[in-house]
Amino acid sequence: MAEIAYIGGYTPGGTPGTEGTGPGITLMEPAGLTRVAETPAPSPSFLAAHPRLPVLYAVGEGEPGTVAVFARAADGTLTETDRRPSEGNTPCHLVVDPSGTLLSVANYGDGVVSVYPIDETGALAAPQVFPHREDSHAHQSVFGPDGVLYVSDLGTDEIRRYLVPGPGRAGDRVTPHPGGPVRLAEGMGPRHMARVGDRWYVAGELDGTVRAYDAGDDGWREVRAVPAGAADGENHPSHLEASGDGRFVYVANRGPDTIAVFSVPGLERVAEVPCGGAWPRHFAVAGDRMYVANQRSAGVAVLPMRDGVPGDAAGVFAVGTPSCVLPLS
């Protein structure tokens, strides 16, 4: 179980379509589902922690968008130290690379991807900015183990790729991949993705699927596509994540309001359970619990897990329009 968890979400007065009732960033103590502190911030819809330093980053999902830096005290409380433009509109995701030297921000509104250098204190420097096509909607960034930054683009049905500097790699700047973006199924609307071995798993927000791709030197090859939810009806999958041991892929289904579990590598459905609320936008696994941010029912549900499979909710932490959960130990 996580010792603390940060919850980001939508706040009042946000961009039309993203208005919410949340206070900003909420600090929760998971063991007792108790509220420890609240930090005001404008629609911090996604959060990320530095891998080594007591620093937290948050997008401000607005037009124009922002990215903020917070210092984390020993008790988990936050102090904002910097806020700067995200270089695009309505940023919805950000991630720190494993070395803690780069931060990538995905701007959904116009598809711009911004990559900020991070210094030894966790502060951000001037970013590199990567626009794409007019119809782009960047949704998630993932730093791959192969020195490539992967970005899902819901608007263009692509996975955009950028070469990242690092040990044994030429240059000191991020550059577009010479092979260009990877084309996925038309109309899929790729949202979130995860890699296990050489296989990528991608949730299709627009067609309600989960797809598996083998990634080779000559591109990606689709090997399986399955419905993300078992029931008929409208479904807009949101977050997808692989289990820490690589046995399962979890998918949050908005519409049926479930969490689906698929086996790796073949995407056989193992289980599908209620998410403990309505419109599960994001979830995170920590120890033997899954925390689900249910945007439309104003709460984070706690789903106990057994052998990697979540069960029925054991409790709900009340918070307005949550959209991201970040548990930390």
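The lining of the second largest pocket is made up of five nonpolar, six polar and six charged residues. In this classification Ala, Val, Leu, Ile, Met, Phe, Trp, Tyr, Cys and Pro count as nonpolar, Asp, Glu, Lys and Arg as charged, and the others, Gly among them, as polar. The model is a predicted one, in which local features need pLDDT of at least 70 and side-chain atom pairs count only at pLDDT 80 or more, while totals for chains, interfaces and linings use all residues. Residues are numbered from 1 along each chain as its sequence is written, and side-chain values use heavy atoms, with hydrogens and water left out.

The second largest pocket holds about 340 Å³ of space. Its lining has 17 residues, and Y10, E61, R191, R254 and R281 lie nearest its centre. On a 1 Å grid over the protein atoms alone, a pocket is an open set of points with protein on both sides within 12 Å along at least five of seven lines, a cavity is a set of points where a 1.4 Å probe fits but cannot get out, and lining residues have an atom within 4 Å of a point. Grid points are joined across faces, edges and corners, and a volume is the space filled by probe spheres set on the points.

The largest pocket has a volume of about 850 Å³. Of the 33 residues that line this pocket, F46, H93, V95, Q140 and E241 lie nearest its centre. By class, the lining of the largest pocket has 24 nonpolar, seven polar and two charged residues. At least two lining residues come from each of strand 4, strand 8 (91–96), strand 12 (138–143), strand 17, strand 21 (236–242), strand 25 and strand 30 (322–328). Strands (E, at least two residues) are DSSP runs, numbered from the N terminus.

The whole structure contains two cavities of 30 Å³ or more. The largest cavity, of about 60 Å³, is lined by S45, F46, C92, H139, R191, H192, R281, H282 and S323. Strand 17 (190–196) and strand 25 (280–286) are the elements that give two or more residues to this lining. Its residues divide into two nonpolar, five polar and two charged.

The second largest cavity has a volume of about 40 Å³, and its lining consists of Y6, I25, L27, A37, E38, T39, G76, T77 and L78. Two or more of these residues come from strand 2 (25–29) and from strand 3, and strand 3 gives the most, with three residues. With a relative accessibility of 11%, T39 counts as buried (under 20%; exposed is over 50%, partly exposed in between, with a 1.4 Å probe and protein chains only). Beyond its neighbours within four places in sequence, T39 is in contact (heavy atoms within 4.5 Å) with P23, G24, I25, F70 and L78.

Strand 5 (residues 55–60) and strand 6 (residues 66–72) pair in the antiparallel sense over six bridges; two strands pair if DSSP finds at least two bridges between them. The open sheet has four strands in the order 4-5-6-7, with antiparallel pairing. Strand 4 (47–49) and strand 7 (78–85) are at the edges with a single partner strand each, so one side of each has no neighbour in the sheet.
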